[in-house]
2 protein chains.
Amino acid sequence: MNTRRKSPVNIISTEVHHCSMDLRLKILGRLPFFIDLNPSELMMINQRFNSLGFKKDEFIYYSGDPAERMFVVAEGKIKLFQPGFERRNVLLNILLEGDLFGNLTVFGSSTYTDTAQSLTSSCILSISSQSFGEILKEFPSLAIKSLQVMEKRLIAANKRVFEISTLPAEKRIVVTLLTLVEKVGKQTNQGVLIDAPISREDLAEMTATTPETVSRVMSQFQSSGVIESGRKWISIVDWDAFQQLANVESP
Amino acid sequence: MNTRRKSPVNIISTEVHHCSMDLRLKILGRLPFFIDLNPSELMMINQRFNSLGFKKDEFIYYSGDPAERMFVVAEGKIKLFQPGFERRNVLLNILLEGDLFGNLTVFGSSTYTDTAQSLTSSCILSISSQSFGEILKEFPSLAIKSLQVMEKRLIAANKRVFEISTLPAEKRIVVTLLTLVEKVGKQTNQGVLIDAPISREDLAEMTATTPETVSRVMSQFQSSGVIESGRKWISIVDWDAFQQLANVESP
DNA sequence: CTGCTTCCATGATATAGATCAGTTAACTGC
DNA sequence: GCAGTTAACTGATCTATATCATGGAAGCAG
């Protein structure tokens with residue numbers, strides 16, 4: 001029987017209206033997209049962005065809405081998912097500071113193909129697709145950088161297809177945890193904390209399984225001392241043992 | 001007990017060395033990529049491409065190889081898959097004339113993340129990633145068009161993740177057949193023929209299931225008169241009934 | 001602090017489809 | 001045309017995990 005613990009995940013409470021101009025410039029200047037631009041170019045681009053604050057669990061846009069804007073996470077964490085309605089959702093991505101989402105291509109899909117919801121209270125920068133298109137034309141190197149973002153996402157999506165198609169549930173959960181560690185892992189004196197409030201249900205939606213199965217697997221890992229876990233938090237405490245679990249050759 | 005039939009899929013026997021200069025110009029000039037270029041620009045780009053002939057079942061490149069080239073299907077059909085080695089493969093895509101594959105971004109992944117194999121004997125055009133990068137720089141509108149290709153593929157991949165995550169095997173098979181019809185469907189007097197030599201195993205690799213399950217489902221559809229099918233061929237003969245099967249709301 | 005909500009863990013049972021095995025006929029190569 | 005190969009079909013059995021149900025405790029709001 002595992003002891004439950006209090007959550008070590010520190011959910012920063014961002015004031016909803018607290019998207020300052022400085023934060024905007026700071027984020028934009030650090031994006032791979034804009035990193036080669038000079039300050040005056042950056043300032044020009046900055047002026048085309050709006051900033052928006054979202055409370056925890058608020059929706060930023062819905063799947064099926066007209067895809068008219070591109071977004072950047074300035075602060076906070078966002079989850080992108082495809083709603084399953086009568087079936088389960090499929091959680092596509094967890095986004096952090098600096099990540100782009102929404103309509104990234106200006107001209108493609110006329111509606112959003114996923115739904116964006118805040119995991120934590122967040123500050124989001126937003127630009128209209130039209131403005132973004134103008135920027136891409138004005139700075140062709142930015143279009144090339146868009147390609148880099150898209151490629152990474154496509155590779156990740158195909159990897160996901162492979163995993164869901166070929167791995168048993170336990171392994172799927174392990175490789176998904178690894179991905180999360182890579183993205184939002186934070187070294188603590190008690191191992192590697194996945195520094196985002198991820199529930200069993202979220203994990204289930206990421207691994208094509210059910211919250212109960214996730215719970216069983218996590219409980220098992222906890223019993224063997226590989227992880228410590230509680231309500232919306234997970235820490236990998238025995239990294240070597242965990243890596244063994246991720247050994248895909250041994251189904 | 002269903003009667004097996006002879007295959008109506010006409011596998012054109014392309015002479016392996018038969019990639020003429022005319023065919024090259026014809027294909028390149030028709031690509032969304034190059035459709036806005038004038039003939040002299042097109043000729044210049046054409047000169048950077050090589051052409052290669054592949055026999056049926058030959059490999060064009062392997063997952064893990066250095067990703068040094070971009071490819072275009074001039075003639076024939078190609079399958080992209082991720083090898084599963086001790087487990088089953090995952091078939092990612094069927095490509096036809098005009099489709100791009102390989103390294104599409106010049107600068108991203110250093111190795112191919114899939115394996116390309118010819119379904120039929122094929123003529124393939126190929127350009128080095130470096131040359132392709134130069135073309136993208138020289139014609140920035142082509143970079144934007146690359147984005148369009150990538151976006152469509154990303155949307156399709158996420159759709160695939162959703163389907164595999166949420167739909168039972170039968171439904172997965174149906175929606176996959178629909179996708180194939182959309183891509184390589186050919187109207188005949190006996191319904192819509194999927195005009196590519198797709199085996200039960202291929203379908204299984206596309207739908208995260210086994211050849212036996214695919215066989216059972218197909219046999220069932222055949223018994224109800226919805227499709228006709230045989231060795232590496234499928235025809236949808238009752239389109240309305242088939243559309244009913246694809247009704248995703250009714251699992 | 002208390003009451004309520006919701007997330008997590010666990011047990012029992014059911015089920016979708018994977019696995020294993022064997023047969024048949026379409027296809028290929030000589 | 002013939003022999004051999006292999007793709008497809010079908011049956012029996014097994015298995016991973018989904019489904020259903022319940023209880024406990026962390027977290028939230030007043």
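Domain bounds here come from an automatic or database domain assignment. For chain A that assignment gives domain 1 (21-163) and domain 2 (168-245). The model is predicted: local features need pLDDT of at least 70, side-chain atom pairs count only at pLDDT 80 or more, and totals for chains, interfaces and linings use all residues. Residues are numbered from 1 along each chain as its sequence is written, chains are lettered from A in the order in which they are written, and side-chain values use heavy atoms, with hydrogens and water left out.

Start inside chain A. The C-alpha centres of domain 1 of chain A and domain 2 of chain A are 26 Å apart. Each domain puts 17 residues into the contact, where contact means heavy atoms within 4.5 Å. Together the two domains of chain A bury about 1300 Å², with 55% of it on carbon and sulfur atoms. Buried area is the accessible area (1.4 Å probe) that two parts lose on being put together, summed over both.

The rule finds 2 salt bridges across it; a salt bridge is a side-chain nitrogen of Lys or Arg within 4 Å of a carboxyl oxygen of Asp or Glu. Asp99(A) and Lys183(A) form a salt bridge through their side chains, at 3.2 Å from N to O. On the domain 1 side of chain A, the elements giving two or more residues are strand E5 (90-95) and helix H4 (140-166). Helices (H or I, at least four residues) and strands (E, at least two) are DSSP runs, numbered from the N terminus. E5(A) supplies the largest share of that side, 5 residues.

Helix H4 of chain A also holds Ser146(A). Ser146(A) counts as buried because its relative accessibility is 3%, and buried means under 20% relative accessible area (1.4 Å probe, protein chains only). Neighbours within four places in sequence aside, Ser146(A) is in contact with Phe33(A), Leu104(A), Phe132(A), Leu136(A) and Leu147(B).

Chain B gives 37 residues to the contact and chain A gives 38. The two chains bury about 3600 Å² between them, 72% of it on carbon and sulfur atoms. The count of salt bridges between chain B and chain A is 0. On the chain B side, strand E5 (90-95) and helix H4 (140-166) of chain B are the elements that give two or more residues. H4(B) gives the most, with 20 residues.

Definitions and conventions. Buried < 20%, exposed > 50% of the residue type's maximum accessible area, 1.4 Å probe, protein only.
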